[in-house]
Amino acid sequence: MTKRNNAALAIGIILVIVAALVAIFNQSRTFPQIMGQSYASAKVESIHIYLSPMQNGLPTRELTLTQEDPAAQDLLNLLGDQVYDVWYDVGAREGHQILLDYTVYMTLSMEPEGEEQAMATVALDGSKYMDIDGLDRGSWNGNWVRTHYRADPAFQQEVLDLLLAQPYEEVL
């Protein structure tokens with residue numbers, strides 16, 4: 001082979017490797033895939049939710065949905081019906097605009113397996129992404145894997161609307 005052919009082959013190999021890495025790191029994921037292998041919606045024992053107001057005069061709300069609560073299944077179905085793309089926050093961050101009346105922080109408690117109680121969190125505020133900490137036990141921090149996912153603000157509003165329709169306690 002000539003130098004020109006070798007260079008073209010090397011460039012081609014590099015392009016294939018870069019394309020494979022981009023495809024791997026930009027794979028869309030479903031909610032169960034994000035949560036990890038030990039997740040099943042039927043294993044969610046409860047969902048503890050904090051709604052923090054973004055405007056003065058609105059109360060902070062706290063509620064807990066249990067397995068028996070139809071709203072818990074509605075919420076899990078809503079989260080499960082979406083496909084999530086990983087959001088890589090590289091470089092300078094653009095302005096973080098809060099678009100919902102409340103920020104939402106949810107903790108999903110799974111049925112205990114032995115002596116362990118696995119938990120996962122979901123946080124959203126109407127911006128371009130939401131945070132999901134899955135159940136992956138192989139992570140650097142025990143059970144937690146923090147990743148940002150692209151999330152349509154309209155989808156996030158739908159989640160908030162579902163939660164605001166549930167009975168709650170005001171937190172001072």
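Visitor: In what order do the elements of the chain run from the N terminus on?

Guide: In this predicted model, the elements run α-β-α-β-β-α-β-β-β-β-β-α-β from the N terminus on, and the chain has four helices and nine strands. Buried residues make up 36% of the 172 residues in the chain, and residues 24 or more positions apart account for 64% of the contacts with a separation of 6 or more.

Visitor: What makes α3 roughly antiparallel or roughly parallel to α4?

Guide: The axes of helix α3 (residues 70-80) and helix α4 (residues 153-164) come within 10 Å and cross at roughly 175°. Angles over 145 degrees count as roughly antiparallel, and therefore α3 is described as roughly antiparallel to α4. The contact is made by Ala 71, Asp 74, Leu 75, Leu 78 and Leu 79 on the α3 side, and by Phe 155, Glu 158, Val 159, Leu 162 and Leu 163 on the α4 side.

Visitor: Which classes of residue make up the contact of α3 with α4?

Guide: By class, this contact has eight nonpolar and two charged residues, and no polar ones. Asp and Glu count as charged, and the residues in the contact include Asp 74 of α3 and Glu 158 of α4.

Visitor: Which residues touch the most other members of the largest nonpolar core?

Guide: Ile 47, Ile 49, Leu 75 and Met 106 do, within a core of 38 residues. The elements that give two or more residues to this core are α2 (31-35), β2 (44-53), β3 (60-66), α3, β5 (102-110), β6 (119-124), β7 (129-133) and α4, and the largest share, six residues, comes from α3. Leaving out residues up to four places away in sequence, Ile 49 touches Arg 61, Glu 62, Leu 63, Leu 65, Leu 75, Val 104, Tyr 105, Met 106 and Leu 163.

Visitor: Why is Ser 109 called buried?

Guide: Ser 109, which lies in strand β5, has a relative accessibility of 13%; buried means under 20%, so Ser 109 counts as buried. Apart from neighbours within four places in sequence, Ser 109 is in contact with Lys 43, Val 44, Glu 45, Ser 46, Gln 117, Ala 118 and Met 119.

Visitor: How is Tyr 105 to be classed, given its relative accessible area?

Guide: Tyr 105, also found in strand β5, has a relative accessible area of 36%. Buried means under 20% and exposed over 50%, so Tyr 105, at 36%, is called partly exposed. Setting aside neighbours within four places in sequence, Tyr 105 is in contact with His 48, Ile 49, Tyr 50, Thr 121, Val 122 and Ala 123. Of these contacts, Thr 121 is 16 residues from Tyr 105 in sequence, and the two are 7.2 Å apart in space, C-alpha to C-alpha.

Visitor: What makes β6 and β7 a pair of strands, and how do they run?

Guide: Strands pair if at least two bridges are found between them; three bridges join β6 to β7, which run antiparallel. Val 122 stands opposite Ile 132 in β7. The hairpin of β6 and β7 has four residues between the strands, and Gly 126 takes a positive phi near 95° there.

Visitor: Which residues point each way from β7, and are they buried or exposed?

Guide: Tyr 129, Asp 131 and Asp 133 point one way from β7, whereas Met 130 and Ile 132 point the other way, and all are buried.

Methods
Residues are numbered from 1 along each chain as its sequence is written. This is a predicted model: local features need pLDDT of at least 70, side-chain atom pairs count only at pLDDT 80 or more; totals for chains, interfaces and linings use all residues. Side-chain values use heavy atoms; hydrogens and water are left out. Axes are lines fitted to C-alpha atoms, for helices over the stretch in contact, and angles run from 0 to 180 degrees between N-to-C directions. Angles under 35 degrees count as roughly parallel, over 145 as roughly antiparallel, 65 to 115 as roughly perpendicular and the rest as oblique. Contact means heavy atoms within 4.5 Å. A nonpolar core is a set of buried Ala, Val, Leu, Ile, Met, Phe, Trp, Tyr and Cys residues joined through side-chain atoms within 4.5 Å. Buried means under 20% relative accessible area, exposed over 50%, partly exposed in between (1.4 Å probe, protein chains only).
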